Amino acid sequence: MQPIKISETLSIGAQPTEVDFAVLASQGFKMVINDRPDAEDAVQPGSTAEAKAAEEAGMAYAFIPVTGPAITDADVFAFQKGLRLAPGPVFAHCKTGMRALTLHALGEVLGGRMDADEVIAFGNRHGFDLAGAKAWLDRRATLNPQVTGFYDPRTFSVQYVVTDPATKRCAIVDPVLDFDEKSGATATTPADAILAYVRERGLTVEWILDTHPHADHFSAAQYLKAQTGAQTAIGEQVVAVQKLWKGLYNWPELAADGSQWDRLFAHGERFKLGSLDVSVLFSPGHTLASITYVIGDAAFVHDTLFMPDGGTARADFPGGSAKALWASIQAILALPDETRLFTGHDYQPHGRAPRWESTVGQQKQSNAHIVERDEAAFVALREARDKTLSMPKLILHALQVNIRGGRLPEPESNGRRYLKIPLDALVGAAWDDAP
Ligand SMILES: N[C@@H](CCC(=O)N[C@@H](CS)C(=O)NCC(=O)O)C(=O)O
Ligand SMILES: [Fe+2]
């Protein structure tokens with residue numbers, strides 16, 4: 001049993017005998033991690049005897065038994081946590097040291113400190129073949145979606161193509177249909193760029209998912225459904241938004257029953273994207289109907305959290321609530337720290353280049369509206385800020401399209417489509433903005 005030094009905090013090695021524990025303590029180790037299940041062979045001391053030997057030698061002890069292919073994310077994080085909380089240098093062992101080094105390398109990759117492609121060379125440097133670790137990472141990559149964001153600079157929106165690598169089936173999230181309020185022109189340019197991407201990669205579009213009825217742009221869901229035959233979906237509370245706007249638009253013929261989508265999702269509902277599981281979180285606050293799609297290690301949070309430097313979405317549209325937004329954000333931040341969060345807008349704070357991907361851990365550490373705030377402080381900040389924001393320039397144009405699933409108004413007898421704008425229906429006029 002010769003410890004192999006990996007870093008200042010970690011050494012790994014083969015199975016020590018009970019007598020070796022005193023030697024490890026004399027070499028300065030403060031903790032032993034045993035990654036070997038009990039009773040693998042007749043001569044190993046086993047976790048009870050090891051724990052006793054560690055205690056007698058004045059060292060902390062952790063038992064994280066694993067077998068190669070069955071390693072889970074939880075094992076990797078338990079190993080990392082052991083290292084983090086150790087009172088000093090750690091000696092981690094299994095039978096040969098291979099599993100201990102594997103757990104460490106996997107933790108480095110999942111934590112973003114090592115590239116998956118460096119794992120083999122890293123193992124070789126320490127005299128181990130980590131091909132199994134690399135295979136584990138490759139397998140894991142197929143359990144998570146590939147995500148490509150498409151930024152729409154006119155509306156600062158981010159649209160996504162989310163692909164299951166195993167089946168090449170994909171979902172399009174929150175696609176934008178171009179609308180120019182000055183000329184009244186519509187165009188499918190952003191949606192066509194997404195279709196070109198999908199075609200080039202040979203993907204099959206299975207879903208067109210909206211996170212909420214958008215107030216600042218038209219949804220391209222119907223256009224994309226016509227082009228791909230994919231199913232459209234949104235949160236089931238869209239019905240409440242339809243009822244609210246049916247009144248505002250004085251629109252008796254609007255069916256306020258969600259029938260404009262192929263599927264309506266409830267909180268906690270699950271569905272499949274190719275071979276991947278998708279689960280739905282109800283995330284109200286920005287709108288009455290907002291939902292988050294959680295797909296593998298990725299969550300599509302749209303207008304809840306923006307990038308950490310952008311803070312959070314506004315909560316003052318009809319049906320909005322800063323208190324509800326706080327609760328929705330807490331539920332998102334309860335996902336594992338490594339969860340990739342994909343936001344729906346990036347307003348490029350301080351003029352920086354657009355960005356849309358963060359992690360739960362980063363948001364907890366540095367979101368400008370959340371860090372060091374409790375619910376009351378957040379609600380106060382959000383409501384004060386919302387008072388300074390005028391309504392999105394397209395809110396009245398967009399909602400009548402988006403509460404019909406992205407359908408433009410039916411053409412009139414001359415073949416033209418017309419929007420209907422209620423006057424003096426909303427607060428938040430531009431001239432009411434705080435200076
Ligand atoms: N100036 C934009 C504002 C759009 C807007 O209000 N966006 C919402 C999301 S749909 C938001 O949360 N904005 C936050 C902010 O502007 O601080 C427009 O007119 O379209
Ligand atoms: Fe929004």
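**Cavities, pocket and ligand site**

Helix α9 (residues 238-248) contributes three residues to the lining of the largest cavity, the most of any element. Helices here are DSSP runs of H or I with at least four residues, numbered from the N terminus. The model is predicted, so local features need pLDDT of at least 70 and side-chain atom pairs pLDDT 80 or more, while totals for chains, interfaces and linings use all residues. Residues are numbered from 1 along each chain as written, chains are lettered from A and ligands numbered from 1 in written order, and side-chain values use heavy atoms, without hydrogens and water.

A cavity is a set of points where a 1.4 Å probe fits but cannot get out. A pocket is an open set with protein on both sides within 12 Å along at least five of seven lines. Lining residues have an atom within 4 Å of a point.

Three cavities of 30 Å³ or more were counted. The largest cavity has a volume of about 80 Å³, taken as the space filled by probe spheres set on points joined across faces, edges and corners. Its lining includes Val241, Leu244 and Trp245. By class, the lining has nine nonpolar, two polar and no charged residues. Ala, Val, Leu, Ile, Met, Phe, Trp, Tyr, Cys and Pro count as nonpolar; Asp, Glu, Lys and Arg as charged; the others, Gly among them, as polar.

The largest pocket holds about 630 Å³. Its lining has 30 residues, with Phe306, Arg314, His345, Tyr347 and Leu389 nearest the centre. These 30 residues divide into 11 nonpolar, 10 polar and nine charged.

Ligand 1 sits in this pocket (more than half of its atoms lie within 2 Å of the grid points). Around ligand 1 are 13 residues, each with a heavy atom within 4 Å. Polar contacts are pairs of N or O atoms within 3.5 Å. The Arg314 side chain lies 2.8 Å from a ligand oxygen. A polar side-chain atom of Tyr347 is 2.6 Å from a ligand nitrogen.

Notes
Polar contact = N/O pair within 3.5 Å; in protein donor to acceptor, adjacent residues only side chain to side chain. 1 Å grid on protein atoms, 1.4 Å probe; cavity = no way out; pocket = protein on both sides within 12 Å on 5 of 7 lines; lining within 4 Å. Helix = DSSP H or I, 4+ residues; strand = E, 2+ residues; numbered from the N terminus.
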